[in-house]
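Me: I'm new to this one and would like a close look at a single part. Could you walk me through the aromatic rings and the helix they sit around?

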Amino acid sequence: MLSIHILCVGKLKERFYIDAAQEYQKRLSPYCKLTLTELPEEKLPKNPSPAQIQAALSREAQAIRAKIPPRFKRVALCVEGRERSSEELSRLVTAENLCFLIGGSYGLDDSLKAEAADRLSMSPMTFPHHLARVMLLEQIYRGFKIQEGSSYHK
């Protein structure tokens with residue numbers, strides 16, 4: 001069985017995000033071993049300087065690196081990533097063990113993006129990082145349903 005690890009900076013707080021994420025985690029259980037790890041977002045002042053943001057991203061990157069399982073292909077979610085169709089993502093998620101990296105409200109450190117084997121953009125639009133987690137879970141589920149030929153993906 002394939003393993004998928006999702007490393008997220010920040011904790012889900014809103015009930016609707018929590019419920020949606022739990023639903024997709026449950027739906028994915030027959031298809032893969034899914035591990036979702038939440039890491040704390042670095043505390044920043046109300047109007048942080050670019051240097052403060054960079055220092056926080058660097059500390060978050062260290063925490064993320066410490067949790068990446070060995071021999072997993074790293075996929076960074078970032079605006080600079082490549083957009084993919086659901087069918088393309090389906091081929092990716094059903095081929096090998098993956099570790100998706102989702103940054104906090106300021107994204108991911110550039111070094112993590114550079115180290116990733118792949119970079120994925122959900123859209124050119126901006127979404128809350130908590131919603132990106134739910135969207136990723138849904139697309140991973142959709143990917144497995146596409147591979148089995150289900151009518152879920154119409």
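Reply: Let's begin with what makes a ring pair: rings of Phe, Tyr and Trp pair if their centres lie within 6.5 Å. Keep in mind that this is a predicted model. By that rule, ring pairs join Tyr 24, Tyr 31, Tyr 141, Phe 144 and Tyr 152 into a cluster. Searching the whole structure turns up five aromatic pairs.

Take Tyr 31 and Phe 144: their ring centres are 5.5 Å apart and the planes meet at 25 degrees, so this pair is stacked. Phe 144 counts as buried, at 7% relative accessibility.

Now for Tyr 141 and Tyr 152. Here the centres are 4.9 Å apart and the planes stand at 75 degrees, so the pair is edge-to-face. Tyr 141 belongs to helix α5 and Tyr 152 to the segment after α5, so parts eleven residues apart in sequence get tied together. Tyr 141 is buried at 9% relative accessibility, while Tyr 152, at 26%, is partly exposed.

Helix α5 (residues 129–148) also meets helix α3 (residues 86–93): their axes come within 8 Å and cross at roughly 85 degrees. The two are therefore roughly perpendicular to each other. Phe 144 turns up again here, among the α5 residues making the contact, along with Ile 140 and Gly 143; the α3 side includes Leu 89 and Val 93.

Notes: Residues are numbered from 1 along each chain as its sequence is written. This is a predicted model: local features need pLDDT of at least 70, side-chain atom pairs count only at pLDDT 80 or more; totals for chains, interfaces and linings use all residues. Side-chain values use heavy atoms; hydrogens and water are left out. Axes are lines fitted to C-alpha atoms, for helices over the stretch in contact, and angles run from 0 to 180 degrees between N-to-C directions. Helices (H or I, at least four residues) and strands (E, at least two) are DSSP runs, numbered from the N terminus. Angles under 35 degrees count as roughly parallel, over 145 as roughly antiparallel, 65 to 115 as roughly perpendicular and the rest as oblique. Contact means heavy atoms within 4.5 Å. Rings of Phe, Tyr and Trp (its six-membered ring) pair if their centres lie within 6.5 Å; planes under 30 degrees apart count as stacked, over 60 as edge-to-face and the rest as tilted. Buried means under 20% relative accessible area, exposed over 50%, partly exposed in between (1.4 Å probe, protein chains only).
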